[in-house]
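Open the model in your viewer and keep the sequence panel beside it. This tour tells you what to select at each stop.

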Amino acid sequence: MTNVDTPTNVEAKAEPILDQTQASADDVNGTQQYLAPVVLAMQALAVDGKQAHWHIRGENFIAVHELLDKLVDHAREYADLAAERTVALGLPVDARLATIAAKNPLPALKDGFQNYGPMIQQVVAQLDAAIAVVRRAVEGLDDIDLSSQDVVIGIERGLVEDRWFLAAHLATD
Ligand SMILES: [Fe+2]
């Protein structure tokens with residue numbers, strides 16, 4: 001008599017995705033659909049955040065220069081969270097440089113040195129675009145995967161705080 005519960009037979013029957021997540025393939029693919037744009041937006045924000053960090057100048061230089069480095073650190077951390085949630089569900093992430101460039105949802109940053117006011121305005125506009133991507137993921141994941149939604153809710157909270165810290169430098173009263 002054959003023992004159908006031997007590890008060899010179980011492994012042969014299992015589908016890798018279902019085996020890892022206990023979720024339906026549709027739900028896993030739906031999760032990837034919402035997390036992928038978050039990964040790309042965060043990677044793009046990290047690259048342009050460094051560009052801004054290097055080229056900002058004028059009044060408040062040190063404060064904003066250092067704040068932009070924190071923004072970069074956060075964007076990298078958030079990209080990692082969204083990417084590794086996707087991979088943990090058994091699916092790959094395409095965050096190659098060419099893919100990021102082709103699908104970058106952020107408005108372009110101007111080239112060269114810039115005074116802190118215009119530079120902050122551009123980075124805040126990029127944060128707004130990134131927050132919109134993350135909020136779409138929060139809404140979309142509500143019916144699909146609550147753990148993934150929890151990941152993007154945390155990212156949204158962090159980005160909004162970074163936006164506040166940067167935008168506060170633009171206040172005139
Ligand atoms: Fe630096």
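Two residues are in contact here if their C-beta atoms, placed from the backbone, lie within 7 Å. Of the contacts with a separation of 6 or more, 77% join residues 24 or more positions apart.

This is a predicted model: local features need pLDDT of at least 70, side-chain atom pairs count only at pLDDT 80 or more, and totals for chains, interfaces and linings use all residues. Residues are numbered from 1 along each chain as its sequence is written.

Colour by pLDDT, the predictor's confidence in each residue, from 0 to 100. The mean for the protein chain is 89, and 87% of its residues reach 70 or more. Confidence is lowest in helix 1 (residues 7-13), with a mean of 48, and highest in helix 5, at 98. Over residues 9-14 the pLDDT is below 50, and this stretch has 3 contacts beyond near neighbours in sequence.

Switch to cartoon. The protein chain has 7 helices and 2 strands. They are DSSP runs, numbered from the N terminus: helices are H or I of at least four residues, strands are E of at least two. The order from the N terminus is α-α-α-β-α-α-β-α-α.

Select helix 3, residues 25-55.

A residue is buried if 20 or more other C-beta atoms, placed from the backbone, lie within 10 Å of its own, exposed if 12 or fewer, and partly exposed in between. Of the 173 residues of the protein chain, 29% count as buried. A nonpolar core joins buried Ala, Val, Leu, Ile, Met, Phe, Trp, Tyr and Cys residues through C-beta atoms within 7 Å. The largest has 37 residues; Val38 and Ala130 are among those with the most contacts inside it. Helix 3 gives the most to this core, with 11 residues.

Centre on valine 38. Leaving aside neighbours within four places in sequence, its contacts are Ala82, Val133, Val134, Ala137, Val152 and Ile155.

Finish at alanine 108, in the loop between helix 5 (97-103) and strand 2 (114-115). Is alanine 108 buried or exposed? Alanine 108 counts as exposed, because it has 10 C-beta neighbours inside 10 Å.

Technical notes. The expected span of a helix is 1.5 Å times one less than its number of residues.
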